Structures are given as structure tokens and as C-alpha cells.
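Student: I would like to learn how to read side-chain contacts from a set of coordinates. Can we work through a case together?

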Amino acid sequence: MADRRRHRLAQRRKTIGLSQERLAEALGVDRSTIVRWERAETDPQPWHRPRLAAALKLSIEELADLLADVGQAPSPPDERLGYVLRNPGRADLIAVAYLRERVQRLDEHYDQTPSTLLLAEAGQLHGQAIFLRQHASNGPVQRELAAAVAESATLMGQLVWDAAQRRDHVSSAAYFDQAISAAQETRDAVTEANALLRKSYLALYGTKQPHAGLVLTTRAAAVSNRDSHVIAGLAQLHRAEAHAMLGQAADRSNALGTAEAHFAAVDDRDPATDIFCPSHYTRLAGSCWLSLNKPDQAVPALENARQLIAARRKSTAVILGNLALASILQHDIDAATSYLHQAVDVIERTRAGGGLNLAFAAARQLRPWRNEPSVQDVNDRLLTLMSP
């Protein structure tokens, strides 16, 4: 088989009138590399094959057939990524696709895994995307690397904010700005809108600036309006909460109605279907009622949202924290402490920054009942959470 492969590769080179030296020059390799290929001592690596096929005037498929008799398996994607990190000028679509896949896998773990456990790898991948982007010259590769930077920067913004218990707004905002800029370069409206939406959370739930949050959510809704009903719907939901924080009940209602219409139009073709959850609408509707100081409407909406989330997620802790706050407004201390215990169960596993902040906010609201045994028990658990 080796003899046959050697004969076919060498014969094809000779048929189109190329010497080993000229073929090596066209591919940017040493002549000895061509010799080894033709002797079947080594096989052309995946990143050599497109240019080799072009030099031999073959399609990629025809070249694969020519080499099919014998050869080594293609390098695994992780080895290819390692190679281009050592030789960044040779970055290609295979390596970038693998890098983006790793970012996506981390993103999938975000809602159920402590952010501190994901930060190191996410930061490494983000740095690799930026590094390769600085050196890549190929147009399609540059575009894919810009997309990789947008995705990894968005994830980093989420992780940094969550790991800092929603205190480090500046670093997170910088990552989201980086994601927005990279997405604009590739004209990826969905990724741009998602980063805008994530940035709005900093204003709404971090710095408590609903006016700034309203600007960002409105912009996110406008950017994604024609490209993703999921992102546009989520933007409208958080826009509704901004209005609720400002006491603008009518505007809140209009935004909720627009969000509901977007969600009704979601189908499998939506590029953001993977982040859509049936609990989104009722969770934000409940939060709006809470902002408007109407716990009687907030509790059933939030309970409905909790039932729609099967697993223990970071968002579950947020729902339970809001349920505790709503119960306190109703002076139902038993319900409030029960919700807080459930929230702590989730926080212990996920270290959810948003849930932790809400749990401590509820604990502060329980101070008038601090001598109650049930309140003391939940306070003890919250203090334990802060222990090293």
C-alpha cells in the first residue's frame, strides 16, 4: 500500500509538471517534507492539505482519495490548536473551530458550575483567541477569530461578575464592550445583542441604575429584532424590569407584551434557542411585580418559574431569593426562611453570585425577626457560605 500511495502522489506531481523543489516552494515546506510524503514515511497534515490539493490541481476530496491507501490519522484538534499557538501565522479554520467549541462547552456549564472553576480555562481560551487574531492574515480565519473573541469575551464578562458576587462591574463591562466590538466587526447581530443584554445586567442588578439598563436593553432589542426572537424577547423582559424599577407600570406592561410576542414566534431556526428557557417570562414578570412592591402578584409568577426549572441552576437561586423577599413583604416569615434555605442549597453547589446577593438582601430584611429560631438558622447557613 505504501508503494501504491508513493507512486500516486509522485505521479500526480509529475503529471502537472512540478518538481519536488517547486512543490515544496509552493507549500512553504522543505523539499525533504515532500520526499517523506512520497516515500509514505509521513502524511500531509490537515493544514497542508488545502494548499497541496490546489498545487496538484485536485479537490480536497480527490486528494483524500489519492492518499487513502495509506497514511497517518489527522492530528487531533487539540494538537492542531497547540501547533498554531506556536506558529500563529498558520492559524486555520480547524484550530479556530476547536477553540470556539471549547468556549461553547464552558458556556454550557455556566449555569450549574461555580464560576471560579471555569475562569482559568475561559481566560486562557480568550487570551488564545486574541493572540491568534493579532497574527492571522487569512480573511475567513480572521472573521472566525473575531467571532471567537466575541464569544469568549461575553463568557468572561459573565464569569468575572458572578465570581466577584456581582461587585466587579468595571472588569465585566470591559469584557462585554470587547465582545460588542468584535461582534460588530463580523456583523453578528445576535452575539452583539447578547453582549449588550449581559451588560445591561450590570446596570440593573449591579450598580442599580435602571435608566442605564433601560438604554442597553432597548438597544439590545433593536439590534436583535430581526435576527433572534429569543434575544429580542429577553431584552424586552429586562427592559420591562427597568421600567418596573422606575415605577413605570404601563411601560412595563407594554414591554412584557412585546416579549411574549417574541417568545411565541421562537422556532428551531433561532440562533439563540440554546439559551431560551420557558421560565424566563414568568421569572422576570415576578421580579417586575416585586419591584413594583406587589408581592401578591410576584409570588405566583415566581413559583411558576421555579416549577419550570427542573435542575438546580444559578437562576433557581435568583428565583428563590426573590420569593423570600416577596414573602417578607407579606410578613410570611416561615415561607421566607424556607425559600432562603432552598436558595442556600443551590448556592452551596453553584456559588451563584446573583442568588447570594439576593439571599443576603432577604436576610437584612429579616432583621426585625432575628430572634426567631428559623431566622437564626438561615442566618447561620448564610454566614457559613462566607467562610473560607
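The dialogue below takes up charge pairs, ring pairs and charges over rings.

Student: What kind of model is this?

Tutor: This is a predicted model. Keep that in mind throughout.

Student: How many salt bridges does the structure hold?

Tutor: Start with the general idea. Side chains of opposite charge can pair when their charged atoms come close. In this structure, 15 salt bridges turn up.

Student: Which residue forms a salt bridge with Arg31, and how far apart are the closest N and O atoms?

Tutor: The partner is Glu21, and the closest N and O atoms are 3.1 Å apart. Now place the two residues. Helix H3 (residues 31-38) holds Arg31 and helix H2 (residues 20-27) holds Glu21, so the bridge ties together parts that are ten residues apart in sequence.

Student: Where do Arg100 and Glu144 lie in the chain?

Tutor: First the contact. Their side chains meet in a salt bridge, 2.5 Å from N to O. Arg100 is in helix H7 (residues 93-109) and Glu144 is in helix H9 (residues 139-163), so this pair links distant parts of the chain, 44 residues apart. For accessibility, Arg100 is partly exposed at 22%. Glu144 is partly exposed at 27%.

Student: What does the side chain of Arg100 do with Glu151?

Tutor: Arg100 and Glu151 meet in a salt bridge, at 2.5 Å from N to O. This pair also links distant parts of the chain: Arg100 in helix H7 and Glu151 in helix H9 are 51 residues apart. Shared partners join Arg100, Glu144 and Glu151 into one network of salt bridges. Glu151 is partly exposed, with a relative accessible area of 25%.

Student: Next, the rings. How many aromatic pairs does a search of the whole structure find?

Tutor: Again, the idea comes first. A pair of aromatic rings is described by the distance of the centres and the angle of the planes. Searching the whole structure gives two aromatic pairs. Take Tyr201 and Tyr205: the ring centres are 5.9 Å apart and the planes stand at 50 degrees, so this pair is tilted.

Student: Where do Tyr201 and Tyr205 sit, and are they buried or exposed?

Tutor: Both lie in helix H11 (residues 189-206), four residues apart, which separates them by about one helical turn. Tyr201 is buried at a relative accessible area of 13%. Tyr205 is buried at 17%.

Student: What about Phe263 and Phe276?

Tutor: They form a tilted aromatic pair, 5.1 Å centre to centre, with 50 degrees between the planes. This pair links distant parts of the chain, 13 residues apart. Phe263 is in helix H14 (residues 249-264), while Phe276 is in the loop between H14 and helix H15 (279-291). Phe263 counts as buried at 12% relative accessibility, whereas Phe276 is partly exposed at 29%.

Student: Which charged ends sit over the rings of Trp289 and Tyr110?

Tutor: Arg252 has its charged end over the ring of Trp289, 4.4 Å from the ring centre. Lys314 has its charged end over the ring of Tyr110, 4.1 Å from the ring centre.

Key
Residues are numbered from 1 along each chain as its sequence is written. This is a predicted model: local features need pLDDT of at least 70, side-chain atom pairs count only at pLDDT 80 or more; totals for chains, interfaces and linings use all residues. Side-chain values use heavy atoms; hydrogens and water are left out. A salt bridge is a side-chain nitrogen of Lys or Arg within 4 Å of a carboxyl oxygen of Asp or Glu. Helices (H or I, at least four residues) and strands (E, at least two) are DSSP runs, numbered from the N terminus. Buried means under 20% relative accessible area, exposed over 50%, partly exposed in between (1.4 Å probe, protein chains only). Rings of Phe, Tyr and Trp (its six-membered ring) pair if their centres lie within 6.5 Å; planes under 30 degrees apart count as stacked, over 60 as edge-to-face and the rest as tilted. A charge sits over a ring if NZ of Lys or CZ of Arg is within 6 Å of the ring centre and within 35 degrees of the ring normal.
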